[in-house]
Amino acid sequence: MLRLSILAVILGLAVLPARADTPAAVRDKSTFLKLVDGRALEIGLYRLTLKVKGDGKIEGRALGWDITGNWGWKDGLFCREMDWSGKVIPYNCQLVEAVGPDRLRFTADAGQGQSAVFRIR
C-alpha cells in the first residue's frame, strides 16, 4: 500500500501544499537546467530523491527502489517518462513553477493535473 502511495507522488498525482510564495513559471529548458542540473529534487515525506540531468536522464530512489527515466523539453513543458523498480510511469508533460528560492512545483497534464512540490538540494 505504501508503495502505491509513493507511485502516486511520482506520477504527479499527489497534491502537496506549496509555500505562500508566488509561483513563477519556468518556460525554457536553459532556465530549468540552471535550477536542477547537478542538484537533487526531494520530497522528504516519501524519501523520494530525483536527479534530472542535463543529458536527458533521470535517476533517483523512492523508498529504497531505483527510479530511472528520460526527459525533454517541449512547448515550454517538462516532459518525462520513468520506471520505478519495474513500474512504468507513463510519458507526461508538466508545467514547472519555481515556488520560492528552493522549491519547484510540477503540475501534470500540461498544468491541468495534480501537482507535487520538490525541494531543490
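Ser115 has a relative accessibility of 14% in this predicted model, and because the cut-off for calling a residue buried is under 20%, Ser115 counts as buried. This serine lies in strand E9, which covers residues 115-120, and its side chain is joined to the side chain of Thr107 by a polar contact of 2.7 Å.

In soluble globular proteins, nonpolar side chains tend to be buried together. If we set aside the neighbours within four places in sequence, the residues in contact with Phe78 include Phe32, Val52, Ile58, Trp71, Trp73, Val96 and Phe106, and Cys93 is also one of them.

Cys79 lies in strand E6 (residues 77-84) and Cys93 in strand E7 (residues 87-98), so the bond ties together parts that are 14 residues apart in sequence. The torsion about the S-S bond is about 110 degrees, and the disulfide is therefore right-handed. Both cysteines, Cys79 and Cys93, are buried.

The protein averages a pLDDT of 89, and 83% of the residues score at least 70, but over residues 13-19 the pLDDT stays under 50. The model has 21 contacts beyond four places in sequence for residues 13-19. Where pLDDT is low, the predicted coordinates should not be read in detail.

Technical notes. Residues numbered from 1 in each chain as written. Predicted model: local features only at pLDDT ≥ 70, side-chain atom pairs only at ≥ 80, totals over all residues. Heavy atoms only, no water. pLDDT = per-residue confidence, 0-100. Contact = heavy atoms within 4.5 Å. Disulfide = S-S within 2.5 Å. Helix = DSSP H or I, 4+ residues; strand = E, 2+ residues; numbered from the N terminus. Buried < 20%, exposed > 50% of the residue type's maximum accessible area, 1.4 Å probe, protein only. Polar contact = N/O pair within 3.5 Å; in protein donor to acceptor, adjacent residues only side chain to side chain.
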